[in-house]
Amino acid sequence: MGKLTFDSNDFEAKYNKYSKLIFQTAYQYILNFDAAEDVVQDVFVKLFTKKKVFNSDEHEKAWLLRVTINRCKNHLTSASSKVLELSDENVSDGIFLEEKSEKRIDIERELNKLTGQQRICIYLYYFEDYKIKEISDMLNIKENTVKSILKRARQTLKNNLNEEDDYELQ
């Protein structure tokens, strides 16, 4: 068995470059802060134990996102994700949310109601500026499927946010 070498400078550079992206992607997919942190750790362990050679930074980024999504799927199908967690962190998250504007809270709440696949497509498309083709490749689904998912997600968000506005006006 070969010896695993570790370059702490390389790790730190990649962690600083990709950790926020990986965490945000994981959190959008599984909606659990602690589990998203675990996914980040798993993804970096895989990155540094596989010693994969990438053609470019974009290739590396796409690979990391693919691994992140796979880890999230694994988490959601595992027994550990079925446990309801009540902790002080969840309470502090609630306090933090109170400080945000009402509209942002409404949007976040509605985003969280979307399916995992809808949230991840919305996140990659609008927040990470990926093209439909790139999302299709990362998620291993057809481009038309990505378009349909985005269309349904946008329509759901629009309908739900409009219903809340109508309700408040009455």
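This note goes through the salt bridges of a predicted model and the surroundings of one serine.

1. Residues are numbered from 1 along each chain as its sequence is written. Local features need pLDDT of at least 70 and side-chain atom pairs count only at pLDDT 80 or more, while totals for chains, interfaces and linings use all residues, and side-chain values use heavy atoms, with hydrogens and water left out.

2. The structure holds four salt bridges (a side-chain nitrogen of Lys or Arg within 4 Å of a carboxyl oxygen of Asp or Glu). One of them joins Glu60 to Lys14, with the closest N and O atoms 2.5 Å apart; this pair links distant parts of the chain, Glu60 lying in helix H3 (residues 57-77) and Lys14 in helix H1, 46 residues apart (helices are DSSP runs of H or I, at least four residues, numbered from the N terminus). Glu60 is buried at 5% relative accessible area, and Lys14 is buried at 18% (buried means under 20%, exposed over 50%, partly exposed in between, with a 1.4 Å probe and protein chains only).

3. Lys113 and Glu110 form another salt bridge, at 3.2 Å from N to O, and they are separated by about one helical turn because they stand three residues apart in helix H5 (residues 102-113). Lys113 counts as exposed at 54% relative accessibility, whereas Glu110 counts as buried at 1%.

4. Ser19, in helix H1 (residues 8-30), is buried with a relative accessible area of 14%. Beyond its neighbours within four places in sequence, Ser19 is in contact with Lys14, Val40 and Phe44 (contact means heavy atoms within 4.5 Å).

Conventions: Helix = DSSP H or I, 4+ residues; strand = E, 2+ residues; numbered from the N terminus.
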